[in-house]
Amino acid sequence: MILAALRAALGEAQVLGPDAIAPRYFDDETGGTHGAPVGLVRPGSTQEVSEVLRLCHAAGQAVVVQGGRTGLTRAALPRTGELVLSLERLNRIEDVDATSGTLTLGAGTVLQVAQEAAAEAGWRLAVDIGARGSCTIGGMIATNAGGHQVFRHGMMRAHVLGLEAVLADGSVVSAMQPMLKNNTGYDWKHLLIGAEGTLGVVTRALLRLQPGVAGHETALCALPDYTALVRLLALLQVRLGPRLASFEAMWDDFLAQAVAVSDLRAPFEQAWPCCVLVETEGPEDGALGAALEEAWAQGLLGDALLAQSGPERARFWAYRDAIGEITRAMALFEPFDVGAPTAQIGALVATIRLRLAQELGLMRMVCFGHVADGNLHIALELAREDQRHAAEAVIYAAVRAAGGTVSAEHGIGLLKRGWLGHTRSADEIALMRRLRGALDPHAILNPGRIFDMETPR
């Protein structure tokens, strides 16, 4: 039996039978239904992960890999017959190199811990998401996570200099050299980034840091329509250049719900169709205020608030970060993380609202996103579970018509695997399957994630 072999290799304490698994390992942010796993294993090193996968590969034992369980595609929810492989013990900050600006750490390290370690050394890990207090670096690498600062600093892929990982058969591959340039054959680590744990299990990472920020200028801007939002973005890009770090859009439904579920007050005297949280990095020299004055003169703004203090900046960000409270107040919640050309997102939102109302009569939907990089998030409250597929069909059809993607940063997991063909061609999916079959011939790593059907080879 696989559990007996694992206990012999790792010890009794780190291998639990199905009845001893704590409830947190059956949960994720979507509240999805889990299956009955055969057990849980908690390795504490790359070598132990290697031994776990070697044994599972030999036995044909399916494995579901877990980090912080903050994902929104149900990829980490255990299915019946799977072994839960938790990376939470791989949580050590190994080194912060204050000379070269690099951070070496385990895949189970929580993002906020990594951010704080970088800050203590005078540097910054320039990737941030709302789940910073619980999401892990390994999970962020596995999904190529984005977040608030993608517009300036890029997705998770842009922050990864090196990786160590374990393949399905237990082989360890390591490329932890701190070099920007290393043109020696295939750069295999980029296959694993964004592969959702289906090609290998990341155990350690070498991350690229950025210099600390001299200051911030932050504003909350109300806009009369989405066309004005697009024009405002273009103006700020020209006037502020690389100093423009964040451009976070929130539609009127989002702001109303943010106020309803929190102790925040409405930011403006009247409701506006959408608003944008704008933030710069660099000298606090009034450049953002001057750019907004120009936008006002052009009729792009309905209202604007410029943060005058740290607490006021935090309050502006609290509106954007209220999404967790908003979704927890929904009885049956489905997250959508789609992408489309920035100029088309306003029309896409209007189309989705209209078609959902016509076809399903759904009541509560909030829209927000990192629209500067073409990313729209939709949090939808369903009345019944049997509405899920119909709602997905409406939204993903509209996204496909707009030439967009069904997943901009959350991955595919279990929720979106049936819609992968809306974004990827049949030939692309066939190539993905060939890569998967080459690296995991028995399909034991996160089976059923990304693809709707897999045939072991």
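I take two strands to pair if DSSP finds at least two bridges between them. I take helices (H or I, at least four residues) and strands (E, at least two) as DSSP runs, numbered from the N terminus.

The model is predicted: local features need pLDDT of at least 70, side-chain atom pairs count only at pLDDT 80 or more, and totals for chains, interfaces and linings use all residues. Residues are numbered from 1 along each chain as its sequence is written, and side-chain values use heavy atoms, with hydrogens and water left out.

Entry 1. I looked up strand 6 (residues 102-106) and found 5 bridges to strand 10 (residues 201-208), in the antiparallel sense. Thr 104 has Leu 206 of strand 10 as its bridge partner.

Entry 2. I then followed the open sheet of 5 strands, which has the order 5-6-10-8-9 and antiparallel pairing. Strand 5 (93-97) and strand 9 (172-175) are its edge strands, each pairing on one side only.

Entry 3. I checked the partners of strand 18. Strand 16 (residues 333-339) pairs with strand 18 antiparallel over 7 bridges, and Pro 335 has Ala 379 as its bridge partner. Strand 17 (residues 365-369) runs antiparallel to strand 18 and is joined to it by 4 bridges; Phe 368 stands opposite His 377. In the hairpin of strand 17 and strand 18, with 5 residues between the strands, I found Gly 374 at a positive phi near 80 degrees.
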